[in-house]
Amino acid sequence: MARAHTRRSSRQKNRLESELERLKVHSGMGFELSVRWVPNSSSDRHGEVRGTVIYVYDDCEDRALLTLKHEFIDYHISKEVIEPLIKYINVQKCMIEDLIYSRKERLVKRILKLL
């Protein structure tokens with residue numbers, strides 16, 4: 001029984017790795033990514049990307065493939081759209097904070113002269 005499970009695990013791992021390679025070739029992106037299949041039916045997530053590793057927690061083979069595709073797409077949207085936008089917002093936030101601080105200091109100095 002353990003051998004059947006090991007063969008199933010090995011086959012599923014190979015399917016996920018093959019699908020990831022197919023996604024890389026067809027999209028021309030994600031060559032830095034790898035996949036790890038870590039079946040965990042008690043997880044509240046189907047998968048996630050940590051660093052450059054896509055972790056797939058689904059124990060069902062078809063669902064695991066779908067999760068791999070989802071995480072692959074999500075990784076690229078985050079990398080190409082979300083992360084640059086967050087950096088831009090943070091730069092704007094810093095500029096606004098600097099402006100507010102300098103205006104506050106100028107106002108404090110004016111009020112101080114009145115006292």
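Which residues does V56 touch, not counting residues up to four places away in sequence? In this predicted model, V56 touches L16, V35, R36, W37, V38, P39, H46, G47, A64, T67 and L68. V56 is also among the residues with the most contacts inside the largest nonpolar core.

**Fold and overall shape**
- The protein has 2 helices and 3 strands, and their pattern along the sequence is α-β-β-β-α.
- The protein is more spread out than a compact globule, because its radius of gyration is 24 Å, well over the 13 Å that the globule rule gives for 115 residues.
- The C-alpha trace spans about 85 × 35 × 15 Å along the principal axes of the protein.

**The largest nonpolar core**
- This core has 13 residues.
- Besides V56, the residues with the most contacts inside the core are L16, L20, V35, I54 and L68.
- Two or more residues of the core come from each of α1 (2–27), β1 (34–37), β3 (53–56) and α2 (61–114).
- The element that gives the most to the core is α2, with 5 residues.

**Burial and contacts**
- Of the 115 residues in the protein, 23% are buried.
- Among contacts in the protein with a separation of 6 or more, 41% are between residues 24 or more positions apart.

Notes
Residues numbered from 1 in each chain as written. Predicted model: local features only at pLDDT ≥ 70, side-chain atom pairs only at ≥ 80, totals over all residues. Heavy atoms only, no water. Helix = DSSP H or I, 4+ residues; strand = E, 2+ residues; numbered from the N terminus. Rg over C-alpha atoms; globule rule 2.2 N^0.38 Å. Buried < 20%, exposed > 50% of the residue type's maximum accessible area, 1.4 Å probe, protein only. Contact = heavy atoms within 4.5 Å. Core = buried A, V, L, I, M, F, W, Y, C linked by side-chain atoms within 4.5 Å.
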